[in-house]
Amino acid sequence: MPLGQVVEVDSPILDFKSLYSLLSDNFQVAVVEKFGYGFSDVVDKDRSIDSILEDTRTALAAAGLNAPYVLCPHSMSGLEALYWAQKYPDEVSAIIGLDMAVPEYYDSMNINIPIMRIASWAANLGVTRFIPGISDSDAIKNGTLSDDEKEIYRAIFYSRTATVTMINETERVKENAEKVSSMGAPQLPVLLFISDGSGGTGFDKETWRKIPKEYIAQIDKGEYIELNCPHYVHDYEYKTISENIIAFLLER
């Protein structure tokens with residue numbers, strides 16, 4: 001069960017721990033840290049949707065994990081999950097979206113690359129280390145990380161803030177979304193957990209929830225659950241999400 005990540009998640013292995021620790025007794029779970037995130041290398045390379053997907057497929061194969069997979073993407077990684085199901089349908093048995101992005105979000109989303117470059121510059125100079133509380137992510141404040149894990153998370157944050165890989169990915173995201181949109185909605189079991197849109201999405205609650213509902217209406221085996229929490233749903237409602245994931249998969 002590979003779990004995905006959003007550009008603001010500096011350490012996916014730690015960020016998703018509160019959730020996957022509740023699933024690992026029932027399922028084999030793999031957290032994929034893409035280039036530029038967590039413990040993976042920072043590389044200045046193409047971040048087209050095909051490049052991202054092939055990196056993930058290669059990593060899972062190298063780890064000895066064979067398809068089909070249940071994909072659990074968060075936010076921007078939703079594009080990769082949908083594209084995966086479109087391009088290699090035999091490799092994806094279901095998608096469980098953790099407030100995941102669908103292509104239509106990017107039609108009106110304002111992406112500020114200059115701000116990301118400034119954040120990268122500040123991190124490289126060490127300026128961010130002097131800003132109180134900036135490294136305290138939702139996972140640190142609301143999840144179940146130990147004190148040692150919180151310190152590791154903070155250390156990773158300072159070396160993985162707006163990396164060149166993240167910036168390259170963000171620069172291509174609208175193009176990637178258009179490609180995914182052009183291929184239509186994949187037909188497979190899909191469960192979406194939808195937040196209230198707070199926590200950095202840039203959308204109001206009504207719009208944030210309307211877009212994925214309209215998308216999943218195109219999928220015959222699509223379901224959704226609304227959560228009254230911010231965008232990083234796995235750091236707030238991990239118990240509720242894990243219970244519903246287990247029930248959803250046991251029905252299959």
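Helices (H or I, at least four residues) and strands (E, at least two) are taken here as DSSP runs, numbered from the N terminus. The structure is a predicted model, so local features need pLDDT of at least 70 and side-chain atom pairs count only at pLDDT 80 or more, while totals for chains, interfaces and linings use all residues. Residues are numbered from 1 along each chain as its sequence is written, and side-chain values use heavy atoms, with hydrogens and water left out.

On that basis the chain has 10 helices and 6 strands. Of its 252 residues, 55% are buried, meaning under 20% relative accessible area with a 1.4 Å probe, protein chains only. The accessible surface (Shrake-Rupley, 1.4 Å probe) comes to about 11300 Å², and carbon and sulfur atoms hold 50% of that. As for contacts (heavy atoms within 4.5 Å), 76% of those with a separation of 6 or more link residues 24 or more positions apart.

Now for the sheet. Four strands make up an open sheet with parallel pairing, in the order E3-E4-E5-E6; two strands pair if DSSP finds at least two bridges between them. Strand E3 (69–71) and strand E6 (222–226) sit at the edges with a single partner strand each, so one side of each has no neighbour in the sheet. Neighbouring strands are turned by 15° against each other on average, direction ignored. Strand E5 (residues 190–194) runs parallel to E6 and is joined to it by 5 bridges, and Leu192 has Tyr224 as its bridge partner in E6.

Helix H9 (residues 205–216) packs on this sheet, touching E5 and E6, and makes about 175° with the direction of E5. Helix H4 (residues 77–87) lies across E3 and strand E4 (92–98), at about 165° to E4. These angles run from 0 to 180 degrees between N-to-C directions, with axes fitted to C-alpha atoms, for helices over the stretch in contact.

Voids were searched on a 1 Å grid over the protein atoms alone: a cavity is a set of points where a 1.4 Å probe fits but cannot get out, a pocket is an open set with protein on both sides within 12 Å along at least five of seven lines, and lining residues have an atom within 4 Å of a point. There are 2 cavities of 30 Å³ or more. The second largest cavity has a volume of about 70 Å³, and its lining includes Lys34, Ile49, Met76 and Asn176. Helix H3 (49–62), H4 and helix H8 (164–182) each supply at least two residues of that lining.

The second largest pocket holds about 220 Å³. Among its 13 lining residues, Val32, Glu33, Lys34, Ser40 and Ala59 lie nearest the centre. H3 gives the largest share of this lining, 5 residues.

Methods:
Buried < 20%, exposed > 50% of the residue type's maximum accessible area, 1.4 Å probe, protein only. Points joined across faces, edges and corners; volume = space filled by probe spheres on them.
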